[in-house]
Amino acid sequence: MPILPLAPPQFWSVTTLLVVIVAAWIIISLLRARIRRLESAIAIDTQERESVLLFLHRMGEMATNQSDLEATLEFITEFIIDETGASAGAIYLHDPQSEVPELRARVVQGLFPPLRPTTGYVLTKRKYLHDKVKAERIGLGEGVVGHVAKEGEGLLILDARAERRLPTEAHELVPLESMMLMPLKIREEVIGVFAVVNKRTHGQVFTDKDMSLLRTLADQAAVTVKTVQIFEELTQQQRVESELRIASDFQRLMLPTQMPSVEGFEIAAYCKPALEMGGDYYDIIRIDESHLGLVIADVSGKGVPGALIMSMVRSALRAEAPRRLSPADVLRTINQRVYEDTRSNVFITMTYAILDERAQTLHFARAGHEPVIACPTGDPNPVLYTPDGIALGLTDGEIFDVMEELVIDLGETDLVVLYTDGVVEAMDEEGREYGQERFLDLLHRQCDRGPEGLIQDLLSDIGDFTHGIPQHDDITLLALRRRREAHVIEAPLRQGQTG
Amino acid sequence: MKTFEVDIRSLDSSPDVRVIALNGYLDAHTVADFDRCTDELIAAGTVKIILDLQGLSYISSAGIGALMGLSQRLKKDGGELVLLQPTQKVFKILDLLGFTRIFHLCDSEDEAEQILRS
């Protein structure tokens, strides 16, 4: 009798069925646990995102109300304490008056202990406690606050009683359980430290998730604090004159410092802020291992309010980009935010594109921005793409949501260029514009130049046209193409084409 | 030097409708003049405005912002803003920004009047 792969049903149904049921039960339980873990991760992620967006919304309100530094710091402290579930917190800033680098608490809320060893008798009454904390001068590297300021990294203290850098007196005044500290950093510059102590719910300690939320909020708070700080220092000086210069400094701070290296693609960008008007912005955001977000934008409001709006948009975009792979969806979400937060006469034009490195495609949507230009391989004429889409901040709901999304096949394209109106509206001494025609003509001749080469050529052509007279608007360019074999663009060939 | 001029009149057939003719450049420098003039009209009770753009040779983003602000203020008071005959250059800018989908654009004063009456 041949051996059957399975025993007859009546034989295995009793023994094997039991095994199968147990195995299935185990698998289902494991899957359930995994789903629960994923669900809770998503819930926390959403909570963090909501916190950040709410924070930006409130900051937007404050920016339009022309708040001073003290009010801004009070707001930030209260907000961060609330959102992290802490029972007290303080914001330490570098003391500009002091000769050596020293930090001082500018705002203290709740039962927050002094962090330096203290000899005198301190009343535990909250007001005196706050005065004591504010009077402390903390050197760089000294105690937990000084340590965080020096290292520029956040610190999570799970058991404050075992932390040697905390003075013993601190525990006598405030029973300390756990603590989080985060530097307020703009790029690599630490401008201060934010500290929170003890979870409001007794017996709980701060978690990595709380740290992540604190880090995100502290990043945004740092930009806001620095803006208000600089602006405040100017109140006695010539505010108006300097305002535009500060805004343009900020604009520079918000631009990426270096191009990410993307295998298989060449990307180049350029931004020249004009003193008078500046409001351009570009960014490159890593979404996941095979998608890269490219954004170019122009904020209509200039000066410090414009810079703050730009910073809001940048944060909102960086929060949304990793969550969606549809450029139109991202722009719709950003618009909702911007529309609620800006005054009626401020708007932003933006093109948001997503590079799919595997599929070699560029999906993009346009919110009232200049067209996207592509040079198709083997066709001398550049193509202008102007998909439907209204500028951000002008309207919301259905009218805005009608937004078209287009896709360019980068495998059949020599070059893609995103730009702002400052390029085509560059003027010569008689007020004539550089114009789209001359721009397209240059692209037509130079489409074989890589992104970097093209940007150089274009800038020098604009320079020739304007005879170097200062421009009124920013000039921003972002170009990309699929990486080619080195031999395709030999130098002699390039020179032959330009000459 | 880039100039900007504003000319205001009432429509004979509908005296509550004001026609503001814009001439020259509406940009960051001249937008204050435009705002001052529209502020005065609104303070005097005007809610229906036709902006005659035939003579407007350039509009910057600051100018567009001013149009947006004006439109929203009029709507809040139950009124409306209608744009009349923008030049090709100005139309291109408005169209690029998506303004042609938000604003009423008209080819004639009669058409503009019809919209403001309805």
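This is a predicted model: local features need pLDDT of at least 70, side-chain atom pairs count only at pLDDT 80 or more; totals for chains, interfaces and linings use all residues.
The contact (heavy atoms within 4.5 Å) takes 25 residues from chain A and 17 residues from chain B.

Now the polar side of the interface. The count is 6 residue pairs in polar contact, both at pLDDT 80 or more. A polar contact is a pair of N or O atoms within 3.5 Å; within protein, one must be able to donate a hydrogen and the other to accept it, and residues adjacent in sequence count only if both atoms are side-chain atoms. Two elements of chain B give two or more residues to this side: helix H2 (61-76) and helix H3 (88-97). H2(B) gives the most, with 7 residues. Helices (H or I, at least four residues) and strands (E, at least two) are DSSP runs, numbered from the N terminus. By class, the chain B side has 8 nonpolar, 6 polar and 3 charged residues. Ala, Val, Leu, Ile, Met, Phe, Trp, Tyr, Cys and Pro count as nonpolar, Asp, Glu, Lys and Arg as charged, and the others, Gly among them, as polar.

The rule finds 1 salt bridge across the interface. It requires a side-chain nitrogen of Lys or Arg within 4 Å of a carboxyl oxygen of Asp or Glu. B:Lys89 pairs with A:Glu433, their closest N and O atoms being 3.1 Å apart.

Next, the sheet of chain B. It is open, has 5 strands in the order S1-S2-S3-S4-S5, and its pairing is mixed. Strands pair if DSSP finds at least two bridges between them. Strand S1 (4-10) and strand S5 (104-106) stand at the edges with a single partner strand each, so one side of each is left without a neighbour in the sheet. Strand S4 (residues 80-84) runs parallel to S5(B), joined by 3 bridges. B:Leu83 has B:Leu105 in S5(B) as its bridge partner.

Over all chains, the salt bridge count comes to 25. One of them joins A:Arg481 to A:Glu266.

Residues are numbered from 1 along each chain as its sequence is written, and chains are lettered from A and ligands numbered from 1 in the order in which they are written. Local features need pLDDT of at least 70, side-chain atom pairs count only at pLDDT 80 or more, totals for chains, interfaces and linings use all residues, and side-chain values use heavy atoms, with hydrogens and water left out.
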